Amino acid sequence: TVSVSAKIRDAFEEKKAPIIHFTKQPRSRAVEKEKPFSLVCKAIASSGGVSFQWYKDGHMLLEQQKEILDGVATLDSFGSYYCVVKTTNAYGCALSETARVCMLEQPVQT
């Protein structure tokens, strides 16, 4: 007879997690205050489609579920960003590199 754990193992092995490959990672940048900026996270999976979720400083950004994150540089927008890519079949996920968005210092007028 086959044990329950062997059946579970066999069922899991049949549903191997797809491999996620990043084709573009978000990159750190310095941005002038009040200027627009974009971060890009692109990925493909070995099987199925992918979905995206952006995070800033470890907190999920609601309604930021596209490959491109667009923003305007304010004091609140400076920080560390990354995206989580999940496969649409729910068996795989991957974390992008972290990109830091910081303020570009303006020269002091004398």
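This is a predicted model: local features need pLDDT of at least 70, side-chain atom pairs count only at pLDDT 80 or more; totals for chains, interfaces and linings use all residues.
1. Layout. The chain contains 1 helix and 10 strands. Along the sequence the order is α-β-β-β-β-β-β-β-β-β-β.

2. Confidence. Mean pLDDT for the chain is 84, with 79% of residues reaching 70 or more. Helix α1 (residues 4-14) has the lowest confidence, at a mean of 51. Strand β3 has the highest, at 96. Read the helix with that value in mind.

3. Burial and surface. The chain has 110 residues, and 32% of them are buried.

4. Contacts. Take the contacts in the chain with a separation of 6 or more: residues 24 or more positions apart account for 59% of them.

5. First aromatic pair. The structure holds 2 aromatic pairs. In one, the ring centres of Phe37 and Tyr81 are 6.3 Å apart and the planes stand at 65°, so this pair is edge-to-face. Phe37 sits in strand β3 (residues 36-40) and Tyr81 in strand β8 (residues 79-87), so the pair ties together parts 44 residues apart in sequence. Phe37 and Tyr81 are both buried.

6. Tyr55 and Tyr82 are stacked, with 5.1 Å centre to centre and 5° between the planes. Tyr55 belongs to strand β5 (residues 50-56) and Tyr82 to strand β8, so this pair links parts that are 27 residues apart in sequence. Tyr55 is buried, as is Tyr82.

Terms used:
Residues are numbered from 1 along each chain as its sequence is written. Side-chain values use heavy atoms; hydrogens and water are left out. Rings of Phe, Tyr and Trp (its six-membered ring) pair if their centres lie within 6.5 Å; planes under 30 degrees apart count as stacked, over 60 as edge-to-face and the rest as tilted. Helices (H or I, at least four residues) and strands (E, at least two) are DSSP runs, numbered from the N terminus. Buried means under 20% relative accessible area, exposed over 50%, partly exposed in between (1.4 Å probe, protein chains only). pLDDT is the predictor's confidence in each residue, from 0 to 100. Contact means heavy atoms within 4.5 Å.
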